[in-house]
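Subject: Structure handover and findings

Dear colleague,

I am passing on the structure we spoke about, and my notes on it follow directly below. Please read them with the model open beside you.

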Amino acid sequence: MNRNFPLFLFLFFSIYCQSQVVNLSGKVFADSLEESTLHIINISRGTGTLNTATGSFLIEVQENDTLWFSSVQYEKL
């Protein structure tokens, strides 16, 4: 049992480090941002948020998550 303990610790910490969720904050800059709302969607987690009037946003993400920025006045790329 003692011989396998370091392997167990390595596997435990590897899984723990990969599953950490962090808050990603950012700011959207656009010429026509005044009075428009953008949807920031984390497709990987199925969660989303909206930007503030100044363009700032905050959303929970993990490594390798995919974010989608969407609004009525913008075409999907």
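Glycine 26 touches Gly55, Ser56 and Phe57, where contact means heavy atoms within 4.5 Å and residues up to four places away in sequence are not counted. Glycine 26 belongs to strand β1 (residues 22-27), strands being DSSP runs of E of at least two residues and helices runs of H or I of at least four, both numbered from the N terminus. With a relative accessible area of 24%, glycine 26 is partly exposed, a class that lies between buried (under 20%) and exposed (over 50%), as computed with a 1.4 Å probe and protein chains only. From C-alpha to C-alpha, glycine 26 is 9.2 Å from asparagine 51, although the two are 25 residues apart in sequence.

Before going further, please note that this is a predicted model, in which local features need pLDDT of at least 70 and side-chain atom pairs count only at pLDDT 80 or more, while totals for chains, interfaces and linings use all residues. Residues are numbered from 1 along each chain as its sequence is written, and side-chain values use heavy atoms, with hydrogens and water left out.

The confidence of the prediction, given as pLDDT (the predictor's confidence in each residue, from 0 to 100), averages 75 over the protein, and 65% of the residues score at least 70. Confidence is lowest in helix α1 (residues 5-18), with a mean of 50, and highest in strand β3 (residues 47-50), at 93. Where pLDDT is low, the predicted coordinates should not be read in detail.

Of its 77 residues, 16% count as buried, and the protein exposes about 6500 Å², of which carbon and sulfur atoms supply 59%, areas here coming from the Shrake-Rupley method with a 1.4 Å probe and, for residues, only the protein chains shown counting as cover. Among contacts between residues at least 6 apart in sequence, 52% join residues at least 24 apart.

Because phenylalanine 57 lies in strand β4 and phenylalanine 69 in strand β5 (residues 67-70), the pair ties together parts that are twelve residues apart in sequence. Phenylalanine 57 is buried at 9% relative accessibility, whereas phenylalanine 69, at 43%, is partly exposed.

Two buried asparagines deserve a look in the viewer. Asparagine 42, in strand β2 (residues 39-42), has a relative accessible area of 0%, and a polar atom of its side chain lies 3.1 Å from the backbone nitrogen of serine 44. Asparagine 42 also touches Thr47, Ile59, Glu60, Val61, Asp65, Thr66 and Leu67, with residues up to four places away in sequence not counted. Asparagine 51, in the loop between β3 and β4, is buried at 9%, and a polar atom of its side chain lies 2.6 Å from the backbone nitrogen of leucine 38.

Two further loop residues complete these notes. Isoleucine 43, in the loop between β2 and β3, is partly exposed at 48% and, beyond its neighbours within four places in sequence, is in contact with Thr66 and Trp68. Asparagine 64, in the loop between β4 and β5, is exposed at 71%, and its phi is near 75°, a positive value in a residue other than glycine.

With best regards

Terms used
A polar contact is a pair of N or O atoms within 3.5 Å; within protein, one must be able to donate a hydrogen and the other to accept it, and residues adjacent in sequence count only if both atoms are side-chain atoms.
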